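Take a look at the model below. Start with the surface, then turn to the charged pairs.

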Amino acid sequence: SPPPPFSPRSKLVRKSIARVLTVMNQAKKDQLRIFYKDKDLVPLDLRKKQTRAIRRALTKKEAGMKTKKQQKKDKHFPQRRYAVKA
């Protein structure tokens, strides 16, 4: 025998349940974000999504670091300043 037909009201009920669950889940996730904000390790689903390449790229701090040798070169041979006649 075929399944019983759904009344239009049942769709409304399902949608409203989904709305409530969505809001509850969002609130829960917000609380977790606050909890893990200053922690060293954060669950995967709370981390930034981005792209694979961006996640693996060097951070700004890492990219801007200089080797000891380069630091010495910069210190001992600074940028020359020239007096330009106007």
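Predicted model: local features only at pLDDT ≥ 70, side-chain atom pairs only at ≥ 80, totals over all residues.

Five residues form a nonpolar patch on the surface: Val 13, Ile 17, Val 20, Leu 21 and Met 24. Val 20 sits in helix α1. Its relative accessibility is 48%. Val 20 therefore counts as partly exposed, because the exposed class begins over 50%.

Now for the charges. How many salt bridges does a search of the whole structure find? The search finds two.

One of them pairs Lys 29 with Asp 45. Their closest N and O atoms are 3.8 Å apart. That falls inside the cut-off, because a salt bridge needs the nitrogen within 4 Å of the carboxyl oxygen. Where do the partners lie? Lys 29 belongs to helix α1, which spans residues 8-36. Asp 45 lies in the loop between α1 and α2, the latter covering residues 52-56. The partners are 16 residues apart, so the pair links distant parts of the chain.

Asp 45 counts as exposed, at 51% relative accessibility.

The other salt bridge joins the side chains of Lys 66 and Asp 74. Here the N to O distance is 2.6 Å. Asp 74 has 32% relative accessibility and so counts as partly exposed.

How values were computed. Residues numbered from 1 in each chain as written. Heavy atoms only, no water. Helix = DSSP H or I, 4+ residues; strand = E, 2+ residues; numbered from the N terminus. Buried < 20%, exposed > 50% of the residue type's maximum accessible area, 1.4 Å probe, protein only. Patch = residues over 30% accessible without salt bridge, like charges linked within 9 Å, V, L, I, M, F, W, Y side chains within 5 Å. Areas by Shrake-Rupley, 256 points an atom, 1.4 Å probe, with all protein chains shown as cover.
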